[in-house]
Amino acid sequence: MISFILSIIALILGYFIYGKIVERIFGPDENALTPAKRLQDGVDYVEMDEKKTFLIQFLNIAGTGPIFGAVAGAMWGPAAFIWIVFGCIFAGAVHDYLIGMMSLRKDGASVAELVGDNLGDKAKQLMRVFSVVLLILVGVVFITSPAAILHDLVKSVPTLTFVGIIIVYYMVATVLPIDKVIGKIYPIFGICLLIMAVGIGIGLIVQGYEIPEITLKNYHPQGVSVFPYLCISIACGAISGFHATQSPMMARCLGNEKQGRRVFYGAMISEGIVALIWAAAAMSFFGGTPGLGEALGQGGAAVVVNRISNSVLGKVGGALAILGVVACQITSGDTAFRSARLTIADAIGYKQGPILNRFVIAIPLFVVGVALCFIDFNILWRYFSWSNQTLATIALWAATKYLANNGKNYKIALIPAMYMTVVVTSYIIIAPEGFVRFFKGVPTSTVELVGNISGIVLSLICTAVFMKSLKKDNK
């Protein structure tokens, strides 16, 4: 219990202390005209109240991510607390703030354009394809998953009917002005998600659940290594590349650059708190990680969330559980398709003011999305977590170069970029969906050693290339 409470306090202090350090290094200008003021178009560039932009950003980047990811990461026990706290303060919140502010300085540009400006044209083209594919994957999963859950709740209605309803809503939310649908319902769902997490946290303490303390022990029932698996399993609660696709949307809605820390850095810290609460709930509610593993095997994270919510919060918990596993998934899916539309529009320089132009891009996106709904998606989705963290890694390298180009302390982005390079490289080598198939007959410990060494080597190479580019730029 003490480790859990101290972790919550650490995140809050991280916002006020390290968040201000990051803000001071970047140097927001409160007198600068933001894209929302200069490029106001009533569609994507719409100035909104700071509280509203915070809640929209929070729900954009959160959804079910800090719930489902934290539940999966709880299999490693309280080591999850360490990753959430350090990952959130020094990597995730820095990543979200820098990408959001870089976008703010570049007319609300998408992450692919930001990467291209700082890492070159080839990186831009790669990121354009990479981010759009990732966003479509997110959108499709958040069509089929909530549709299946809704069908399970209302068996008289076919799953395809729910799929159709969700797709229609996604299309509407993708093409209508951001303040008409997203701006009205997201703040409400954002508040509900926060209330749900706070209620669970208070319930754990009041009802006396035994939350384990941080130790060096690996609590995973199958003995799966903490590194790098934990860093991949818990993404949204610590650092997530998906956030880099979402922050530019709010960069087009801020009225003042000084709002950036509260909206971008603050939303990530809030998400970290939600992840901490759900990780604590998952590892304590079932009497330990073996019990959690059995619960996950009976229906995945959605079943775990439902059981915890109903038990800790009663009938209210049941209603909030439905919100958590259905509504929050949908609110991630619609912004995924919207971000894909904006990314493509940025890439081809296609103005999105006229509604016909929005449909020109949105319709092909949904044709692809609908087609993917009817194929076996499991194999592709296994690569999502790795792809998500790889996108975050590339975004951090772009942010590092941006800070260096502007004569600022780039180490706040360089260090997490180096760490995440080790994570994603090691994972793709040792994970079942990676290159482990080339190590048949080799002991697992040896494969993991090879993966970790490879990650460190690649991270050092990337750092050397970066430092060389700085010397070249100075000359």
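The legends below describe close-up views of a predicted model.

**Figure 1. Overall fold of the predicted protein.** The protein contains 20 helices and 0 strands. Its radius of gyration is 21 Å, close to the 23 Å that the globule rule gives for 475 residues, so the protein is as compact as a globular protein of that length. Along the principal axes, the C-alpha atoms fill a box of roughly 55 × 55 × 45 Å. Buried residues make up 58% of the 475 residues. Of the contacts between residues at least 6 apart in sequence, 84% join residues at least 24 apart.

**Figure 2. The second largest pocket.** The volume of this pocket is about 450 Å³. Its lining consists of 18 residues, and those nearest the centre of the pocket are Tyr 45, Asp 107, Arg 252, Asp 346 and Lys 351. Helix α15, which spans residues 300–348, gives the largest share of the lining, with 3 residues. Sorted by class, the lining of the second largest pocket has 8 charged, 6 nonpolar and 4 polar residues.

**Figure 3. Asp 107 in the loop between α6 and α7.** Asp 107 is located in the loop that joins α6 to α7, the latter covering residues 111–119. The phi angle of Asp 107 is positive, about 60°, although the residue is not a glycine. Asp 107 has a relative accessibility of 33% and therefore counts as partly exposed. This residue is also among those nearest the centre of the second largest pocket.

**Figure 4. The largest cavity.** The whole structure has 1 cavity of 30 Å³ or more. About 30 Å³ of space lies in the largest cavity. Residues Ser 110, Thr 245, Pro 248, Met 249, Arg 252, Ser 339, Leu 342 and Thr 343 form its lining. Two or more lining residues come from each of α12, residues 242–251, and α15. The classes in this lining are 4 polar, 3 nonpolar and 1 charged. Arg 252 lines the largest cavity and is also one of the residues nearest the centre of the second largest pocket.

**Figure 5. Surroundings of Ser 332.** Ser 332 is part of helix α15. With a relative accessible area of 2%, Ser 332 is buried. Apart from neighbours within four places in sequence, the contacts of Ser 332 include Leu 59, Asn 60, Ala 62, Gly 63 and Thr 64.

Figure 6. Tyr 350 sits in the loop between α15 and α16, the latter covering residues 355–372. Tyr 350 counts as partly exposed, because its relative accessibility is 28%. Leaving out residues up to four places away in sequence, Tyr 350 touches Ala 345, Asn 357, Val 360 and Ile 361. Tyr 350 and Ala 251 are 99 residues apart along the chain, and 19 Å separates their C-alpha atoms.

**Figure 7. Packing around Ile 84.** Ile 84 belongs to helix α6, which runs over residues 79–105. The relative accessible area of Ile 84 is 0%, so the residue is buried. Residues up to four places away in sequence aside, Ile 84 touches Leu 11, Ile 234, Gly 237, Ala 238, Gly 272, Ala 275, Leu 276 and Ala 279. The C-alpha atom of Ile 84 is 7.4 Å from that of Ala 275, although the two are 191 residues apart along the chain.

**Figure 8. Cys 88 and Cys 236.** A search of the whole structure finds 0 disulfides. The cysteine sulfur closest to that of Cys 88 is in Cys 236, 11 Å away, which is too far for a bond. A disulfide would need the two sulfur atoms within 2.5 Å. Cys 88 has 0% relative accessibility and therefore counts as buried. Cys 236 is also buried, with a relative accessible area of 13%.

Figure 9. The peptide bond from Phe 227 to Pro 228 is cis, and its omega is near 5°. Pro 228 lies in the loop that connects α10, residues 182–206, with α11, residues 229–233.

Definitions and conventions. Residues numbered from 1 in each chain as written. Predicted model: local features only at pLDDT ≥ 70, side-chain atom pairs only at ≥ 80, totals over all residues. Heavy atoms only, no water. 1 Å grid on protein atoms, 1.4 Å probe; cavity = no way out; pocket = protein on both sides within 12 Å on 5 of 7 lines; lining within 4 Å. Points joined across faces, edges and corners; volume = space filled by probe spheres on them. Helix = DSSP H or I, 4+ residues; strand = E, 2+ residues; numbered from the N terminus. Nonpolar A, V, L, I, M, F, W, Y, C, P; charged D, E, K, R; others polar. Buried < 20%, exposed > 50% of the residue type's maximum accessible area, 1.4 Å probe, protein only. Rg over C-alpha atoms; globule rule 2.2 N^0.38 Å. Contact = heavy atoms within 4.5 Å.
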